[in-house]
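Trainee: I would like to work through this structure by asking about it piece by piece. Please show me the sequence and the model.

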Amino acid sequence: MPFTELVDELFQRPSGDGVTLALVVQHRGAVTVERYGVQPENIFQPAIEITAQSTLTSWSMAKSITHAAVGILVGDGLLDVEAPAPVPEWVGTPKAEITTLQLLEMRSGLRFVEDYVDDEISHCIEMLFGNSGPSHADYAAALPLDHEPGTVYNYSSGTTNIIARIIGDIVSGGPGGDPQLRRAATESFLRERLFGPVEMYSAVPKFDDAGDFVGSSYVFATAGDFATFGELYRHDGVAGSGERILPVGWVQQAGVPVSHDAENGCDYGRHWWMWPEIPGSLVCHGHEGQYIVVVPDRDLVVVHLGKTDASVAPQLRERLRAIIEAA
């Protein structure tokens, strides 16, 4: 099927298959497709026409942005991911053996139920929307250790928020402290060391009440700026200006499959996914069909933003695979 027809079909799919709000395809850094849809009306707001200036939520694509922030600190010599994670409340407990690398690989051994529907059993819903306290990381770090660190894969937004608190501790001068000062320090770090140099000027990170970046879920940006983030990884951590943002090898390490997720059929590395149907791919995943697909050997970055139920996510991925093949 011709490329333009594949794009048309993506935007015209039946409502039961989901809604596409933005699609950006970049080949060798040049935009070949940039198209926007309409966010349907709901009980809170009327229908909204999405444009190139619209900022949309990342959901879990933010986890890969967190990976980049960790990489910057590693390059600065401020964080050793193979050492025990610097989590104060774990000192003197079996959790003290958990490394930051195991957190990045989602193999901490900590209990966490990543469910987006059933609030009766979901640690994720309780952490983000419930009465879990001001600090998402405090909540996640206090959960029981169910497995020996490094032995069992368990996808967990709580794990990412523990990493985000570690970032906050490093850039703000230590654990705890005034939430506003922690937030200001982390926001400054993200803007000066990542968003600014990469030219993701629309990016807006969100913070919990303890002043820590909600690195699991919340970066708002335009589709074009999410594509710009993808380009950073397509270029092995080097920004368009030629400035190296991430240390040599950091991107390559992200794309080494460590686990396989039986639920979605994808491989997992270090806060990045890999699609087996697209060899060499690096992919950011977000709830409801948010994707940044980076295919370095094809010089491609594809961004999809919208609202697609998990039950039909495989069909969306197949549509995006077809677009990538045609591109």
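Trainee: How many bridges join β11 to strand β12?

Mentor: This is a predicted model, where local features need pLDDT of at least 70 and side-chain atom pairs count only at pLDDT 80 or more, while totals for chains, interfaces and linings use all residues. Residues are numbered from 1 along each chain as its sequence is written, and side-chain values use heavy atoms, with hydrogens and water left out. Helices (H or I, at least four residues) and strands (E, at least two) are DSSP runs numbered from the N terminus, and two strands pair if DSSP finds at least two bridges between them. Strand β12 covers residues 290-295 and runs antiparallel to β11, and the bridges that join them number five.

Trainee: Which residue in β12 stands opposite Cys284?

Mentor: β11 and β12 form a hairpin with three residues between them. In the turn, Glu288 has a positive phi of about 65°. Across the pair, the residue opposite Cys284 is Ile292.

Trainee: How many residues of strand β11 are buried?

Mentor: Buried means under 20% relative accessible area, exposed over 50%, and partly exposed in between (1.4 Å probe, protein chains only). In a regular strand the side chains alternate between the two faces of the sheet. In β11, Leu282, Cys284 and Gly286 are buried on one side, and Val283 and His285 are buried on the other. For residues 282-286 the count of buried residues is therefore five of five.

Trainee: Which are the edge strands of the open sheet of three strands?

Mentor: The order in this sheet is β5-β7-β6, with antiparallel pairing. Two bridges join β6 to β7 (residues 219-221), and Pro205 has Val219 as its bridge partner in β7. An edge strand here pairs on one side only, and the edge strands are β5 (56-57) and β6 (204-205).

Trainee: What is the radius of gyration of the protein chain?

Mentor: The secondary structure of the chain comes to ten helices and 13 strands. The radius is taken over C-alpha atoms, and the globule rule is 2.2 Å times the number of residues to the power 0.38. That rule gives 20 Å for 327 residues, and the chain is close to it, so it is as compact as a globular protein of that length, with a radius of gyration of 19 Å.
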